[in-house]
Amino acid sequence: MKKTHYEVAVIGCGSIGLASAYYLARNHGLQDLALIDSGQPMAFTSAQSGENYRNWWPHPSMVAFTNRSIDLLEEIARQTDNRINMNRRGYVLASRREDVDQLVTQLHEGLGDAAAELLRYHDDARGSHYERPVHADWQGVREGVDILRSQELIRAVFPSYAEDIQSIVHIRRGGDISAQQLGMFMLEHLKSVGAQRVSGSVKAIRADAPFVLEIHDEQTGTTQITADRLINAAGPFAADIAEMLGQSLPLFNTFQQKIAFEDRAQAIPRDMPFSIDLDEQLIDWQPDERELLLEDPDFAWLAETLPGAIHCRPDGGDHGRWIKLGWAYNDRRAEASRELPLDDNFPEVVLRGAARLNPSLKAYYGQLPRAMHHYGGWYTMTEENWPLIGPMQAEGAFMNCAMSGFGTMSACAAGELCAAWVADAPLPRYARDFSLARRDDAQLMQQLHDGNKGIL
């Protein structure tokens, strides 16, 4: 007889849902798990991940949270002979401004008392105390942040950058991993302890324990399962699941895009860290192109000042050939759907934006490779852009959602924290800050409202 009752049902098999189930099984011995998703694991939002990680945030709770997640990623890397392809050349934040005091203030706020030890300034051209990001190995890299304020040093270390870059903030505990390999590692462990996949979309939930979930699969039709507890890890559909439980969550979605392509022109050095151009910019269209854009109300915004935070990085390791570009400039809220609203103009827009920091990318203007991969995913977020992890109103229901653009880097800590809530185990200090209870903390909410949120 097909199994229909589970101790815990996990709704969503992206990186967050798998991590929640993995740490339930690993840390708490809870193995009677249903893993519910309408598609293959890691095949929707998680498949669109930038696959980056870093521990820089303008608030100590987020710093502690992501540091814990990186600790857990390192543990998995050691355990699997680095199956997850973890590397660590860091995050580079580049600006044409000499004054990056606002950013440094945020670093102080995030690092707290440790800032004096972890912030290092390099004002001379030699940079004798600055460790170049030559090696990709994540082990043995210094903690902290290096701030480069010598243009001569910047040109020597990052020769592909535009010559007008005056300041570099180099976050050292950062890099990239294979999100797919991380997810598959967790899924294999879950299968080995008896967790079962349930294919289909949740259409209704009876909102009291034991929960009755109505699940529809296009091939097998509608079935029901019951569960003593459930985890809402439904990503962009987390608010829909909450409504089935009679609760409204303060979530919204935006759609963000990226491109990846083979760097046949070798425009980007293979040892370049994940690089973010912080500055606002006007895209360098030709005069006639700009004029045409300004004449069209639907496209005039492309000829106006756009926000910064364009990013670029090599993809595939030191011996790979591909690069990734991304720019999360879209702030329009939208209802999430399985159909992804890709914008045909985005590849050329992000290319021209990224070429401001790395001018060698201009070699691809108007001639991006045909094999280019243009993709995108939903950023599910709260106004303060922090996760929601913890109990929901219905007793026995928990949530692990609102990971915006930082699901890959925070998955391990988010899964560990959610599992602790479900198992009624001891919680880390930051637990309350990521639950709905934070909304009762007027001081914290004011801090976040004043700009201490930040996501790059």
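**Helices, rings and loops**

Reader: Let's start with Ala156: which helix does it lie in?
Author: This is a predicted model, so everything here is read from predicted coordinates. Ala156 belongs to a helix that covers residues 151-157, and that helix is α5.

Reader: Is Ala156 buried or exposed?
Author: The cut-off for exposed is over 50% relative accessible area. Ala156 comes out at 55%, so Ala156 counts as exposed.

Reader: How far apart in space are Ala156 and Ala125?
Author: In sequence, 31 residues separate Ala156 from Ala125. Going from C-alpha to C-alpha, the spacing of Ala156 and Ala125 is 8.6 Å.

Reader: And Ala179, is that one buried or exposed?
Author: Ala179 is in helix α6, which runs over residues 179-192. Buried means under 20% relative accessible area. With a value of 4%, Ala179 is therefore buried.

Reader: Which residues does Ala179 touch, leaving out those up to four places away in sequence?
Author: Val104 is 75 residues from Ala179 in sequence and 30 Å away, C-alpha to C-alpha. The residues that Ala179 does touch, beyond four places in sequence, are Met42, Ser49, Glu51 and Thr408.

Reader: Zooming out, what radius of gyration does the protein have?
Author: The protein has 11 helices and 19 strands, and its C-alpha trace spans about 70 × 50 × 45 Å along the principal axes. For 456 residues, a compact globule would come out near 23 Å. The protein agrees with that, because its radius of gyration is 22 Å.

Reader: What share of contacts between residues at least 6 apart joins residues at least 24 apart?
Author: Buried residues make up 56% of the 456 residues. The protein exposes about 19,800 Å², with carbon and sulfur atoms supplying 47% of that area. As for contacts between residues at least 6 apart in sequence, the share joining residues at least 24 apart is 76%.

Reader: On to the rings: what kind of pair do Tyr91 and Phe274 make?
Author: The whole structure has 14 aromatic pairs. In the one formed by Tyr91 and Phe274, the ring centres are 4.4 Å apart and the planes meet at 35°. Stacked needs under 30 degrees and edge-to-face needs over 60, so at 35° the Tyr91 and Phe274 pair is tilted.

Reader: How many residues apart are Tyr91 and Phe274 in the chain?
Author: Tyr91 sits in strand β4 (residues 91-95) and Phe274 in strand β14 (residues 274-277). Tyr91 and Phe274 are both buried. Their pair links distant parts of the chain, with a separation of 183 residues.

Reader: Which residues do ring pairs link into a cluster?
Author: Elsewhere, charges sit over rings: the charged end of Arg54 is over Trp57, 4.0 Å from the ring centre, and that of Arg352 is over Tyr365 at 4.2 Å. The cluster linked by ring pairs is made up of Phe65, Trp386, Tyr430 and Phe434.

Reader: What covers the buried residues of α9?
Author: Of the 9 residues in α9, 8 are buried, including Phe346, Leu351 and Arg352. Their cover includes β13, α8, β15, β16 and β17.

Reader: Last one: what is phi for Asp81?
Author: Asp81 lies in the loop between α2 and β4, and its relative accessible area of 72% makes it exposed. Asp81 isn't a glycine, yet its phi is positive, at about 55°.

Conventions
Residues numbered from 1 in each chain as written. Predicted model: local features only at pLDDT ≥ 70, side-chain atom pairs only at ≥ 80, totals over all residues. Heavy atoms only, no water. Phe/Tyr/Trp six-rings, centres within 6.5 Å; stacked < 30°, edge-to-face > 60°. Helix = DSSP H or I, 4+ residues; strand = E, 2+ residues; numbered from the N terminus. Buried < 20%, exposed > 50% of the residue type's maximum accessible area, 1.4 Å probe, protein only. Lys NZ or Arg CZ within 6 Å of the ring centre and 35° of its normal. Rg over C-alpha atoms; globule rule 2.2 N^0.38 Å. Contact = heavy atoms within 4.5 Å. Areas by Shrake-Rupley, 256 points an atom, 1.4 Å probe, with all protein chains shown as cover.
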